[in-house]
Amino acid sequence: MKKTRLTFSFALLATAGAWAQTFTVDNLKYTVADADAGTVELIGYKEQPTGKLVIPSTVTCDGTDYSVTRIGNEAFGFCYNLTGITIPEGVTHMGFGAFQYCTSLEQVAIPEGVTSIENWTFGYCSALTEMTIPGSVTSIGDNAFYKCVSLNQVTIPESVTTFGKDAFRSCTLLTQMTIPDGVTSIGEGAFRGCTSLTQMIIPNSVTSIGNWTFEGCTSLKQVSISSAVSSIGYGTFQSCPALEQMTIPDAVTSIGKYAFLDCSALAQVTMGSGVRSLEEGAFLRCSALMQMTVRAAVPPTVAANTFKNVSRTIPVYVPVESLDAYKAADVWKEFRVKGLPFVVDNLEYCVTDNTAKTAEVIGYVSQPTGTLEIPAYVTYEDAAYSVTDIGDKAFYKSSSFEEVIFSDNVANIGENAFGGCSSLMRMTVRAAVPPTVGTMAFEDVSRTIPVYVPAESLDAYKAADVWKEFRVKGLPFVVDNLEYCVTDNTAKTAEVIGYVSQPTGTLEIPAYVTYEDAAYSVTDIGDKAFYKSSSFEEVIFSDNVANIGENAFGGCSSLMRMTVRAAVPPTVGTMAFEDVSRTIPVYVPAESLAAYQAAYVWKEFTSLQAISSGLDTPSMPESISIYGGMLHNPEGLRVTLYDLAGRIAYDGRAAIVELPAGVYVVRCNGATGKAVF
């Protein structure tokens with residue numbers, strides 16, 4: 001606003017003097033507004049006022065009393081040294097630029113009765129800190145508080161229905177404002193350059209938001225837009241680098257040019273069902289955008305540069321029935337288009353392909369606990385979809401579950417899908433082909449945890465990126481109450497990882513176990529395999545056991561005796577025998593006694609004894625016999641027969657066992673023998 005406009009206003013005043021009575025009282029100039037009603041308008045001053053000014057409610061001229069009801073256009077404009085103004089009750093109108101450029105003005109009390117804050121009324125009042133607008137005001141004019149750079153608190157009454165163009169533009173200390181219900185229009189640039197404004201709620205009464213309304217509001221983080229707004233104008237949120245998410249209501253049909261230009265923190269956008277077009281550069285340089293939801297059934301048209309600098313790897317969620325249309329539409333087809341999210345049993349999914357009927361897990365409602373199981377299929381609108389993918393960050397930093405079970409349909413695990421899931425202790429992956437794994441999918445997940453996979457795919461997982469970093473093992477299986485897993489298909493080795501019901505009496509770890517018609521040497525006892533199991537008193541380890549895992553027998557305080565048949569002392573993990581008395585007898589091969597007495601953990605046991613000195617070597621039960629080309633087992637003992645290649649030829653309790661002619665190894669009750677059929 002230039003001073004030439006002020007000069008022009010006084011020129012009009014001089015002309016008006018030809019037909020309106022003008023007079024001066026106590027340095028203030030008045031003109032009679034209505035002689036019959038006895039009202040005057042304060043139009044200026046003789047000498048520029050300073051300090052605090054009290055405007056009288058009545059003045060007397062030539063013996064006549066007049067009520068002051070109006071303050072004229074630019075009446076106190078450019079009064080740089082005016083610090084405070086008291087406006088009397090009875091004033092109903094304040095004119096254009098009435099107090100503009102009063103750069104020292106700190107306090108103004110606007111009386112009830114004023115119906116509008118006119119254009120430029122307080123423009124450039126850079127020292128003004130607070131403003132209470134009375135309930136009689138219905139409109140705030142263009143530039144009414146333009147560049148009131150110290151204004152930090154404004155109370156807007158419910159009577160206000162319109163905000164003019166640039167009404168609060170560049171009020172750089174304004175932090176928060178509540179726009180009352182009843183406001184129907186917010187003018188262009190109304191809050192442009194309000195760099196401290198952090199939050200804005202636009203009520204449902206508002207039907208239009210002007211261009212550049214919030215441009216340059218660099219602290220604006222949250223905006224709630226009226227459901228009645230029908231368009232987002234040119235540059236409405238341009239250069240709002242703190243804005244993090246935006247929901248555009250269904251009534252909006254168009255998103256204007258550069259509406260969100262340089263909103264560099266904007267991460268999530270939801271567009272309502274009414275959006276038909278996105279104009280040029282609407283989301284230009286929104287480089288932080290991570291996800292979009294577009295509810296329009298018909299893909300909106302997209303102008304040039306709308307999503308320039310926006311990653312095309314981000315997901316765009318659209319109506320499922322429109323999935324194919326978006327995947328074929330210009331610009332939209334460049335993104336990872338998916339169906340709108342839906343929830344089944346606490347997990348959040350989206351459809352990824354209508355033809356292939358595939359779906360993806362993208363998150364959850366509440367953090368899963370215990371065991372998280374990814375199902376093979378999920379039902380949406382009466383159709384079954386194969387769950388093939390785990391989305392990026394689907395369970396990011398979820399620390400409430402300890403186990404994950406992936407169905408055999410899972411083929412892809414996204415970036416950071418389980419990043420930060422530091423409580424994860426075990427995974428089961430049923431897919432025959434190792435799923436592809438995105439960057440940092442298992443960031444902060446210990447690589448020492450077991451990952452159980454199909455035994456036939458063990459070698460493939462051990463060679464696959466990321467999976468090979470874990471302790472990959474075959475899927476668990478149960479034989480005679482003990483739970484096992486295959487650890488090596490080539491070496492034919494297996495591990496005991498637990499049990500179905502707590503063992504009692506004597507727990508015997510067999511030398512071999514049968515899985516899918518193949519014999520596996522039981523070489524390992526897994527971590528926590530028998531942790532805190534207190535129902536057995538004795539453990540017998542076969543001569544094949546080479547490793548006993550962490551806490552495998554931790555807390556087994558009832559353990560009173562152990563027999564370890566391995567010639568080489570098995571390696572023992574941390575706290576493998578925590579709370580097990582070190583005074584119990586431990587029987588080992590006589591020829592290995594010295595080795596056990598020197599071995600880590602084993603040397604802690606004070607009653608290490610040779611098997612021959614304290615325990616009879618197991619012998620084949622007398623009831624087992626071979627004659628007539630058959631094995632006879634009248635007591636129904638468990639018998640395992642191996643061919644000379646180490647394959648199990650028979651495993652069971654049959655009374656009579658017939659096998660092809662040949663030499664076999666027989667195991668029964670811990671004893672080993674030879675049988676010729």
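## Arg471 and Asp527

Arg471 is partly exposed, with a relative accessible area of 31%. This is a predicted model. Arg471 forms a salt bridge with Asp527, and the closest N and O atoms are 3.0 Å apart. The pair links distant parts of the chain, 56 residues apart. Arg471 sits in strand E40, and Asp527 in the loop between strand E46 (518-525) and strand E47 (536-541). Asp527 is partly exposed too, because its relative accessible area of 33% falls between the 20% and 50% limits.

## The largest pocket

Asp527 also belongs to the lining of the largest pocket. The volume of this pocket is about 790 Å³. Its lining has 30 residues, and the closest to the centre are Met425, Arg426, Pro450, Asp527 and Lys528.

Several strands supply at least two lining residues each: E32 (370-374), E35 (401-406), E39 (450-453), E40 (471-474) and E43 (493-499). E43 gives the most, with four residues. By class, the lining holds 10 nonpolar, nine polar and 11 charged residues.

## The second largest pocket

The second largest pocket has a volume of about 680 Å³. It is lined by 27 residues. Closest to its centre are Met290, Gln291, Pro315, Asp392 and Lys393. Strands E25 (291-294), E27 (315-318), E28 (336-339) and E31 (358-364) give two or more residues each to this lining. The largest share comes from E31, with four residues. The lining divides into 10 nonpolar, 10 polar and seven charged residues.

Asp392 has a salt-bridge partner in Arg336, with the closest N and O atoms 3.1 Å apart. This pair also links distant parts of the chain: Arg336 is in strand E28, and Asp392 is in the loop between strand E34 (383-390) and E35, 56 residues apart. Arg336 is partly exposed at 31% relative accessibility. Asp392 is partly exposed at 32%.

## Other salt bridges

Side chains of opposite charge can pair when their charged atoms come close. The model has 18 salt bridges in total. One of them joins Glu469 and Arg447, whose closest N and O atoms are 2.8 Å apart. Glu469 lies in the loop between helix H3 (458-463) and E40, and Arg447 in the loop between strand E38 (436-437) and E39, so the pair ties together parts that are 22 residues apart in sequence. Glu469 counts as partly exposed at 41% relative accessibility. Arg447 counts as partly exposed at 28%.

Definitions and conventions
Residues numbered from 1 in each chain as written. Predicted model: local features only at pLDDT ≥ 70, side-chain atom pairs only at ≥ 80, totals over all residues. Heavy atoms only, no water. 1 Å grid on protein atoms, 1.4 Å probe; cavity = no way out; pocket = protein on both sides within 12 Å on 5 of 7 lines; lining within 4 Å. Points joined across faces, edges and corners; volume = space filled by probe spheres on them. Nonpolar A, V, L, I, M, F, W, Y, C, P; charged D, E, K, R; others polar. Salt bridge = Lys/Arg side-chain N within 4 Å of Asp/Glu carboxyl O. Buried < 20%, exposed > 50% of the residue type's maximum accessible area, 1.4 Å probe, protein only.
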